[in-house]
Amino acid sequence: MNIKWDANKYTEDFSFVHQYGNSVIELIDADEGSSVLDLGCGNGALAKALQDKGYRVKGLDASEELLGIAKGKYPTIEFLHGDSTDFTLSEPVDVVFSNAVFHWINRDGQMNMLQCVHNALKKRGQFVFEFGGHGNNQKIHGALTRAFSEYGYCYEMPFYFPTIGEYAVLLEKTGFEVHFAALFDRLTGLKGESGLKDWINMFVKTPFSVVKTEQEKAEIVDKAVEALRNDLFINGKWYADYVRIRMKAVRL
Ligand code: BEZ
């Protein structure tokens, strides 16, 4: 997973990502002083929330830009540069936590990532996470698919949004026991008049690699946004049609 982030804009305009993550932390059932890895820690905001709960926290992320912010803001937390699908820890931890990361990893990468998490956990260690679940942003990706096709392009879906059943199978195959699973809608408010356009420009990058000019790219985004106005512009505010998959699994 190698994404180039506009780290400052991400931190300022998309802070809901870590704000929602606070409720995922509540699924962890571990004593103060337990060791926790925040996998895909980004700007470190949730690593800090975990530290505030009394855990000994490490964060790991592939983005140097986001890690730069994390290290500057939270100097007492150890942040490691690494890929979620190919990492090892110097010693196993009690808990692996992750928020809003795994949808960036394709189906093959998921098995590698789950094996790394399994190796990083102590026996009976907890794996607590949330990411985009089946049906996530269906309206947005549908509108982009139609706008791409009007311009003669094919929209390649860049994200992995599994069902609970599909993901539970991957977890069990890797040696986890599923203790909690939920799939739920979360209409998520976006910032400002250009909220949806900004969201697409920030998060949907790879499908646009086939689009020939910047002008066409801008037109496709505008077309998709306008097609979504009826559904996702509600009382003067833009929303994204998020669906979350939230799970807790224990390493056997
Ligand atoms: C999500 O958190 O579900 C998400 C964010 C950006 C792109 C795709 C999914």
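Asn 235 is found in the loop between strand S7 (233-234) and S8. The structure is a predicted model, in which local features need pLDDT of at least 70, side-chain atom pairs count only at pLDDT 80 or more, and totals for chains, interfaces and linings use all residues. Residues are numbered from 1 along each chain as its sequence is written, and side-chain values use heavy atoms, with hydrogens and water left out.

- Asn 235 is exposed, with a relative accessible area of 80%; exposed means over 50%, buried under 20%, and partly exposed in between (1.4 Å probe, protein chains only).
- Asn 235 has a positive phi of about 50°, although it is not a glycine.
- Asn 137 lies in the loop between strand S5 (121-132) and H6.
- Asn 137 has a positive phi of about 55° and is not a glycine either.
- Asn 137 counts as buried because its relative accessibility is 3%.
- Leaving aside neighbours within four places in sequence, Asn 137 is in contact (heavy atoms within 4.5 Å) with Phe 161, Trp 199, Ala 240, Asp 241 and Tyr 242.
- Asn 137 and Ala 240 are 103 residues apart along the chain, while their C-alpha atoms are separated by 6.6 Å.

**Nonpolar cores**

- A nonpolar core is a set of buried Ala, Val, Leu, Ile, Met, Phe, Trp, Tyr and Cys residues joined through side-chain atoms within 4.5 Å.
- The largest core has 36 residues, of which Phe 14, Ile 140, Leu 144, Leu 196, Trp 199, Ile 200 and Phe 208 touch the most other members.
- At least two residues of this core come from each of H1 (7-13), H2 (16-25), H4 (64-73), H6 (138-150), H8 (195-203), H9 (214-232) and strand S8 (237-251).
- Helix H9 supplies the largest share of this core, six residues.
- Apart from this core lies another, of 28 residues, including Leu 39, Met 113, Val 117 and Leu 170.
- Leu 144 touches Tyr 155, Ile 200, Val 204, Phe 208 and Ala 224, not counting residues up to four places away in sequence.

**The whole chain**

- The protein chain has nine helices and eight strands; these are DSSP runs, with helices (H or I) of at least four residues and strands (E) of at least two, numbered from the N terminus.
- The radius of gyration is 18 Å, close to the 18 Å that the globule rule gives for 252 residues, so the chain is as compact as a globular protein of that length.
- That radius is taken over C-alpha atoms, and the globule rule is 2.2 Å times the number of residues to the power 0.38.
- The C-alpha atoms fill a box of roughly 50 × 40 × 35 Å, taken along the principal axes.
- Buried residues make up 52% of the 252 residues.
- Among contacts between residues at least 6 apart in sequence, 79% join residues at least 24 apart.
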